[in-house]
Amino acid sequence: MAAMPADTAFPACPAVVRDATPADVPALERCYGKADHRDRVRTADGKNLRYLVAEVDGQVVGFGRLALVWHPAVSGAAFFPRMSNLNVREDMRRRGFGTLLIKTMENLTRAAGYPRICVGVQTGNDVALRLYTRLGYQPITGQPAAAPPRPAHVAVLQLAKELSGRPAE
């Protein structure tokens, strides 16, 4: 993906979204568990793989990942931008930080010249599904073949949004 300024802020939300750095790993682990944050930060190249954090007053309140992935059932035989691992700290939810992360990833996708962005939502995660639906995401036809390989116990609904025009605000 084409480079875009790492710091992106939307006036309605007092947060900044930026690329994660190794200094963010302890905060990510404290708030979100020991997942693979260190590896995610290390492998993010700022172009084809972005690991972003939302920050308020110097505190990490959320994160998300944007990567170019390839899956023929979703994209035909091309790479496409896919959001994943979006999470907002529990005490900071329902304040617009998830939307801020999503809109930032949409803007990065637009800036890189891609007309579509995708995301997978685990079935049963109704809060996330409502958020993505409200923001214009729709199920990808051809379910479940469009879903990337997952453990059998995790069902994922693949959603996509067609992007057009100028960056979201």
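The legends below describe close-up views of a predicted model.

Residues are numbered from 1 along each chain as its sequence is written. Local features need pLDDT of at least 70 and side-chain atom pairs count only at pLDDT 80 or more, while totals for chains, interfaces and linings use all residues, and side-chain values use heavy atoms, with hydrogens and water left out.

**Figure 1. The overall fold has 5 helices and 8 strands.**
Helices (H or I, at least four residues) and strands (E, at least two) are DSSP runs, numbered from the N terminus. Along the sequence the elements come in the pattern β-β-α-α-β-β-α-β-α-β-α-β-β. Of the 169 residues in the protein, 44% are buried; buried means under 20% relative accessible area, exposed over 50%, and partly exposed in between (1.4 Å probe, protein chains only). Contact means heavy atoms within 4.5 Å. Among contacts between residues at least 6 apart in sequence, 60% join residues at least 24 apart. The accessible surface is about 9000 Å², and carbon and sulfur atoms account for 54% of it. These areas come from the Shrake-Rupley method with a 1.4 Å probe; for residues, only the protein chains shown count as cover.

**Figure 2. The largest nonpolar core holds 26 residues.**
A nonpolar core is a set of buried Ala, Val, Leu, Ile, Met, Phe, Trp, Tyr and Cys residues joined through side-chain atoms within 4.5 Å. Met 83, Tyr 132 and Tyr 137 touch the most other members of the core. At least two residues each are supplied by β3 (49-56), β4 (59-70), β5 (79-88), α4 (97-111), β6 (116-122) and α5 (126-134). The largest share, 6 residues, comes from α4. Leaving out residues up to four places away in sequence, Met 83 touches Arg 65, Leu 66, Ile 102, Met 105, Ile 117, Cys 118, Val 119, Gly 120, Tyr 132 and Tyr 137. A second, separate core has 10 residues, among them Ala 20, Val 25, Val 41 and Val 53. In soluble globular proteins, nonpolar side chains tend to be buried together.

**Figure 3. Arg 18, Asp 24 and Glu 55 are linked in a network of salt bridges.**
A salt bridge is a side-chain nitrogen of Lys or Arg within 4 Å of a carboxyl oxygen of Asp or Glu. The structure holds 8 of them. Arg 18 meets Asp 24 at 2.7 Å, N to O, and both residues are buried. The relative accessible area of Arg 18 is 14%. Arg 18 also forms a salt bridge with Glu 55, where the closest N and O atoms are 2.8 Å apart. This pair links distant parts of the chain, with Arg 18 in strand β2 (residues 16-19) and Glu 55 in strand β3, 37 residues apart.

**Figure 4. Arg 50 forms a salt bridge with Asp 19.**
The closest N and O atoms of the two side chains are 2.8 Å apart. Arg 50 is in strand β3 and Asp 19 in strand β2, so the pair ties together parts that are 31 residues apart in sequence. Arg 50 counts as buried, at 2% relative accessibility.

**Figure 5. Helix α4 is largely enclosed by the rest of the structure.**
This description applies because 13 of the 15 residues of α4 are buried. From its first C-alpha to its last, α4 reaches 21 Å, close to the 21 Å expected at 1.5 Å a residue. The expected span of a helix is 1.5 Å times one less than its number of residues. Just after α4, Gly 113 takes a positive phi of about 90 degrees.

**Figure 6. Val 69 is found in strand β4.**
Val 69 is partly exposed, with a relative accessible area of 27%. Not counting residues up to four places away in sequence, Val 69 touches Ala 78, Phe 79, Phe 80 and Arg 82. Val 69 and Cys 118 are 49 residues apart in sequence, and their C-alpha atoms are 9.9 Å apart in space.

**Figure 7. Strand β8 (residues 156-162) pairs with β6 and with β7.**
Two strands pair if DSSP finds at least two bridges between them. β6 and β8 pair in the antiparallel sense over 7 bridges, with Val 119 opposite Leu 159 in β8. Strand β7 (residues 138-139) also runs antiparallel to β8, joined to it by 2 bridges. Gln 138 has Ala 160 in β8 as its bridge partner. Because 5 of the 7 residues of β8 are buried, the strand is largely enclosed by the rest of the structure.
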